[in-house]
Structure formats: C-alpha cells, structure tokens
Amino acid sequence: MRRDVRILLLGDDGVGKSTLITSLIKESYVANVQHVIPEVTIPPEVTPDNVTTHIVDTSTRPEHRDTLESEIKKAHVICIVYAIDEPVTFNRLGGHWLPYIRHLGVNVPVVLVGNKIDLRGDDVSNKCLEDEVVPIMNEFKEVETCVECSAKQPLNVSEVFYFAQKAVLHPTAPLYDSREHVLKPACVEALQRIFNLCDLDKDGVLDDDELNEFQRKCFHAPLQLQELEGVKEVVKEHEPEGVNEIGLTEVGFLFLHKLFIQRGRLETTWTVLRQFGYGDDLTLRESFLCPRIEIPLDCSVELSPKGYQFFTELFQVFDKDKDSALKKSELDALFKTSPGNPWAHTAFPQTTITTELGAVTLQGFLAQWSMTTMLDYQLTLRYLAYLGFEGDTTTAVKVTRPRKIDRRKGK
C-alpha cells in the first residue's frame, strides 16, 4: 500500500476550495482566506491509515493554467468542489471539469464535493443528492462518491478528505461494478482463491475454526461465537446458499465481500486481498511471489525442513482417498490456487516415483520439489506463495555452503 496520498482540489472560483482546506487545518471557519493557499502536508500519525497526506489548492485563472495542469497530473485523487447555491458550478462537473481531466490523460479517483450546505438553513440534508449525482457517476466511472459539506459551520469537512484518501488507498473501481452492482471478475477470482486457501480441510466450506484462522491472519483477532453466528445469520438471510450446516460456503464468502463494498467498507476487502499478496491491480505482487535471496557464488538453494514439512502436509490434505499417492484429479485440485501444474510441460510424472497406476507417491512428490528447487528456486518460491505457505516463503528454502569448502574437506 502506498505511503503517501496527494489530494488536489479543483473547481470554479468562489466555491470554497481554500476555505475547505483552512477549515480542516484550523478546525474552525476562517473568513477572508487568501485566493490560493500553499500546499499542506499532514503527517501520518494523525491520519487513520497512517499515510502522509498532501493537500493542494488550485486557481482557475488563465495565468495559472500550466500549474493547474501540472498539479492534475501529479494528483492521486481529485476533489471537484461545487457550491450548492450556484447550480452552474454543479453543471460544470460533467460539462467541463471531468472531461478536462480526461483530456489531460489523467485517470485517478474523483470525489465530488458540494460545499456551502449551511445556506440550506437548519435542514442541511439533501434527499435528492443521489438522483442528481448518479447520471454523472454512470458517465464518469472515475467518480468514487459525492460528499456535501460546509466549510463555514464546519460540517463534514474532515469526511471530504477522509473519502478522498480512502478512494486512493481502498479504491472501488478494481473491485466492484457500480452500474451492474456486482463484483468484478478479477475480484471474484482473487476472493475464490483466498477462500480455497482458507479451506484447510478442502471440504468446500469454511467452518468456525477456519473462519477464525482467516480472521486472525487478516485482522489479528478471532471472532467471538456470537459474532460468528451473527455473520452467518446475515448471509443466510440474503443468500441461502451461502451457509450450510458446516459453515460458510464460497457463495457466502463472496456475498459478504459484496456487502462490505456496498456498505462502504472497502478497507475490509482490501485488507484481505493485500494480506494474501494482491496489489492494487488485483494480481499477486512480484515481491510476494518471489522475494529476493542473496546467493553467493558457488552456492545453490535447497528446500529447508520447513519447506519439506509444508509440501508433506499439502500432499496429505489432497490425498483424499488416503492411498499415499496423488492421482491426476488430486494433483489438479492441489494446484487450483496456482497457475497450474508447474511440471505440465515436462515428462512428469514419469520423472519421479509413482505407483503402478501412475499416481505420485509422497517420496516422488518431495523429490520433484527438491529437483525443482535446485534447478529453479524462484519457481519453488512462487509456488509456495500460490499454494498458501504461511509466513515468509524464504524460510522454506535454504542456501547451501559454498561447494569449494566441501571440496577442501574432500567431500
């Protein structure tokens, strides 16, 4: 996850961009603010996600056009501010500002900010806001949300910047199709893989122990029995196939994440995805798949005892008929959370020890991984990550001593 967020405020002159920033910093209304205030940096210790936040003000004056365009291109998220008492500033969201950002080739999340709700009087709420904003959001997918606020009262000012920061750190677009109200295919695929990894006994259901292990891994705290039952009740009410007598099914697991996203709790789903190695593009991070190992000259890489233990336990879990061998269907199931059998384009399983029927024995399975690690340790590291090795995958391998030392000893 990135360690800094650059928030840019755009909008017509007079909508209150500079006043919003000063209201956030001073926590009170400041009258007669200068036209454009200098960039503000908020340190990580005072932000919810512990990131450094930069807030940048802008001017629409012609002489500042180059600076404006430069800042748009540097922004991680853009807040387009309009004044609720000036309809023309709202109309220019879709008529000018959003097309202008696209024209510059910029594709970052956008938050629409309606300022000056204090002018509505005592009732500052706007029941028509969704109807007003949905057409814009349908046309411009980069729009994450719309927030109304008052820099004068001040009201909802910190929420504006919270939503802006959240749009960068926990974006909706990679996960959810807001028009169709469904999880996107890449998100479904990632969550299905995570479900399969968490299904430790491979029975297609997460029981209470497996759910708590998942909870511990992602959020560092187990759920109480009452909380577990509450989660299952919510799923059962909306998605009957999501729960059975054993626990939570894959359908239920996907439903829960869809519910989190629809309720604005994207950080929950992103925490899960990142814990399992996914980046913002929903592919597994290269640093997760293949962490660097320093290998001196004249040394090689072997499986460590931890590596042998992992592959042994994996073999035993997928040996469903308990015949001490993995047939093709069992191997296919074992490699389900990976791109596929890493030896598919070799003479495997003839290259290792098998039964008379061609099923791979445990000795053969471990021997195949030993050979793979010696020839291409990076492939082994990748598959340790794909198959769910817990913790640092480099602990599953070890670097041998330099061969010249052994030669000196006459070995």
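Reply: Two strands pair if DSSP finds at least two bridges between them. Strands (E, at least two residues) and helices (H or I, at least four residues) are DSSP runs, numbered from the N terminus. In this structure, D4 stands opposite T52 in strand 3. The model is predicted: local features need pLDDT of at least 70, side-chain atom pairs count only at pLDDT 80 or more, and totals for chains, interfaces and linings use all residues. Residues are numbered from 1 along each chain as its sequence is written, and side-chain values use heavy atoms, with hydrogens and water left out.

Me: In which sense does strand 3 pair with strand 1, and in which with strand 2?

Reply: Strand 1 (residues 4-11) pairs with strand 3 in the parallel sense over 5 bridges. Strand 2 (residues 40-42) pairs with strand 3 in the antiparallel sense over 3 bridges, and T41 stands opposite H54 there.

Me: Is strand 3 largely enclosed or open?

Reply: A residue is buried under 20% relative accessible area, exposed over 50% and partly exposed in between (1.4 Å probe, protein chains only). Strand 3 (residues 52-56) has 4 of its 5 residues buried, so it is largely enclosed by the rest of the structure.

Me: How many residues of helix 10 are buried, and which are they?

Reply: In helix 10 (residues 266-275), 7 of the 10 residues are buried, and the helix is mostly covered. The buried residues are L266, T268, T269, W270, V272, L273 and R274. Contact means heavy atoms within 4.5 Å. What covers these buried residues includes helix 5 (157-169), helix 6 (185-198), helix 7 (208-219) and helix 9 (250-262). After helix 10 comes G277, whose phi is positive, near 95 degrees.

Me: How is the crossing of two helices read, as with helix 2 and helix 3?

Reply: Axes are lines fitted to C-alpha atoms, for helices over the stretch in contact, and angles run from 0 to 180 degrees between N-to-C directions. Angles under 35 degrees count as roughly parallel, over 145 as roughly antiparallel, 65 to 115 as roughly perpendicular and the rest as oblique. The axes of helix 2 (residues 65-74) and helix 3 (residues 87-103) come within 10 Å and cross at roughly 70 degrees. Helix 2 is therefore roughly perpendicular to helix 3.

Me: Which residues make that contact?

Reply: Helix 2 contributes R65, L68, E69 and I72, while helix 3 contributes W97, Y100 and I101.
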